[in-house]
There are 2 protein chains.
Amino acid sequence: MSPETVSPASSYPPADLPPARARELFRGGTRVPTSGYSNGYAQANLLCLPRDLAFDFLLFAQRNPRSCPVLDVTEPGEVSASVFDGDLRTDLPAYRVYRDGEYVEERSEVTDLWREDLVSFLIGCSFTFETPLLEAGVPVRHIETGGNVAMYETNRPCRPAGRFRGPLVVSMRPIPAHQVADAVRITSRYPAVHGAPVHVGDPSALGIEDLTRPDYGDPVEVREGEIPVFWACGVTPQAAVMASAPEFAIGHAPGHMAITDVRDSTYQVP
Amino acid sequence: MSPETVSPASSYPPADLPPARARELFRGGTRVPTSGYSNGYAQANLLCLPRDLAFDFLLFAQRNPRSCPVLDVTEPGEVSASVFDGDLRTDLPAYRVYRDGEYVEERSEVTDLWREDLVSFLIGCSFTFETPLLEAGVPVRHIETGGNVAMYETNRPCRPAGRFRGPLVVSMRPIPAHQVADAVRITSRYPAVHGAPVHVGDPSALGIEDLTRPDYGDPVEVREGEIPVFWACGVTPQAAVMASAPEFAIGHAPGHMAITDVRDSTYQVP
């Protein structure tokens, strides 16, 4: 194949897209959840905040490492990161914009909203350990169905820090009862992308009243013989933005992640 | 034993001292390295910085997690921490004071230097994994000899952040060649207290010219059949202070740590 005839990104199956090609696709306007994209590469949650709030948020993340495992932090105004060789303003499928803690809009890029004082936080995402789950034969329903993962705000408060407080947000995957132990064992090896579940079973203990009505993402069916398993979720920072009302913030749209250039295995512990 | 006749802290062997009693001893003026104290409890490096430098340092720590694993960060002015139910100004055996990056004095307490804008960082210390090493039969020379661990500045730069930059500092333990793999395996399970070695063998590759002349702590003999094994060290933040010259900083005296109330096992990964 000559250089002139490189296939367009859209001709790859999503799982096989190299990160740069996936970002190219999203930069071009493709607006889909990224679960199942670029297998083997870590995905990340995004939160961009003004510099004067950066310490409080970094401390919030440090105090809540299960939900906010920090993979990278940019210098103010920078639009790429050591783990993300793209443009943070355009290369995610979708973004959410917050003013004074209010979610004001979702959009496909944020170039015209960019400010030189924005510090970007890249936070580990549980989509990262879905490849090892699948490889071990543990099914991941929302990949099977091509939808977004189901996410819920819980009744568990995060440990506050400075101006930031808010509830723990979790993602849910229905796991066959005989594979729950495998799912725990496998995901516990990836603490930088949320690690082991925070809860197995009983949604009501987390204050989740109706599994069919997630706060973010799509409903995911829990079938006979399956247990709902809950992992800490990188939407927690955006729930903190809504609870804490910083003047301005940009996040990824839930499930529409930053695809990094870092291999999953980099974040695996022995 | 009636409450009136509780033994003084000094009557315990150091390894058996509960953390609160060890801190009482140090508050009373005992000035010794803490390696071998309060077995089973994590120890921590201390760095106190003015609030306006706190983000830059927290980011430096986030970017250099092997040498600067953050266990806890206080609110400005606070003198205790969630992992340390004592007084950070008095309950370590010794402190170092820096002005404009110059090391100006070592002292046994810092109460009269305290400022309401000081944010304290507690950073994991490799003394924490010495108990599991000993339990596995891996000798720890500086505990055998009752001295301080040997620490060296290396030629490896840390990843800078804001106003902070500086070299990686390492601690060295001589390990019998047939037990090096055990030492790697055991310490890799404790990433929050520096984890696996950064280097095994050849000191010159780290820019260390003479093992008998450590930059901090005491020289430790490497015997026939032993390999010098190097772990990232929590003195790295103080080397960054000297390289970066913040107006004011307080650290622990190398080897004279904060003994926390947290069990070693809390920081163990599967």
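In this predicted model, five strands of chain B form an open sheet in the order S8-S10-S7-S6-S9, with antiparallel pairing. Strand S8 (199-200) and strand S9 (216-217) of chain B stand at the edges with a single partner strand each, so one side of each is left without a neighbour in the sheet.

**Pairing and packing on the sheet of chain B**

- Strand S7 (residues 167-176) and strand S10 (residues 226-232) of chain B pair in the antiparallel sense over seven bridges, and Pro228(B) in S10(B) is the bridge partner of Pro174(B).
- Helix H5 (residues 180-187) of chain B packs on the sheet, where it touches S7, S8 and S10 of chain B, and its direction makes about 15 degrees with that of S10(B).
- Helix H6 (residues 236-244) of chain B also packs on the sheet, touching strand S6 (150-157), S7 and S9 of chain B, with a direction that makes about 150 degrees with that of S7(B).

**Helix H5 of chain A**

- Within helix H5 (residues 180-187) of chain A, the residues Val180(A), Ala183(A), Ile186(A) and Thr187(A) are buried; they cover an arc of only 135 degrees around the axis, which puts them on the same side of H5(A).
- The buried residues of H5(A) pack against helix H3 (130-135), strand S7 (167-176), strand S8 (199-200) and strand S10 (226-232) of chain A.

**Chain A overall**

- Chain A contains six helices and 12 strands, and its radius of gyration of 18 Å is close to the 18 Å that the globule rule gives for 270 residues, so chain A is as compact as a globular protein of that length.
- Of the 270 residues in chain A, 59% are buried, while the chain exposes about 10300 Å², with carbon and sulfur atoms supplying 49% of that area.

Definitions and conventions:
Residues are numbered from 1 along each chain as its sequence is written. Chains are lettered from A and ligands numbered from 1 in the order in which they are written. This is a predicted model: local features need pLDDT of at least 70, side-chain atom pairs count only at pLDDT 80 or more; totals for chains, interfaces and linings use all residues. Side-chain values use heavy atoms; hydrogens and water are left out. Buried means under 20% relative accessible area, exposed over 50%, partly exposed in between (1.4 Å probe, protein chains only). Helices (H or I, at least four residues) and strands (E, at least two) are DSSP runs, numbered from the N terminus. The arc is that of the directions from the helix axis to the C-beta atoms. Contact means heavy atoms within 4.5 Å. Two strands pair if DSSP finds at least two bridges between them. Axes are lines fitted to C-alpha atoms, for helices over the stretch in contact, and angles run from 0 to 180 degrees between N-to-C directions. The radius of gyration is taken over C-alpha atoms; the globule rule is 2.2 Å times the number of residues to the power 0.38. Accessible areas come from the Shrake-Rupley method with a 1.4 Å probe; for residues, only the protein chains shown count as cover.
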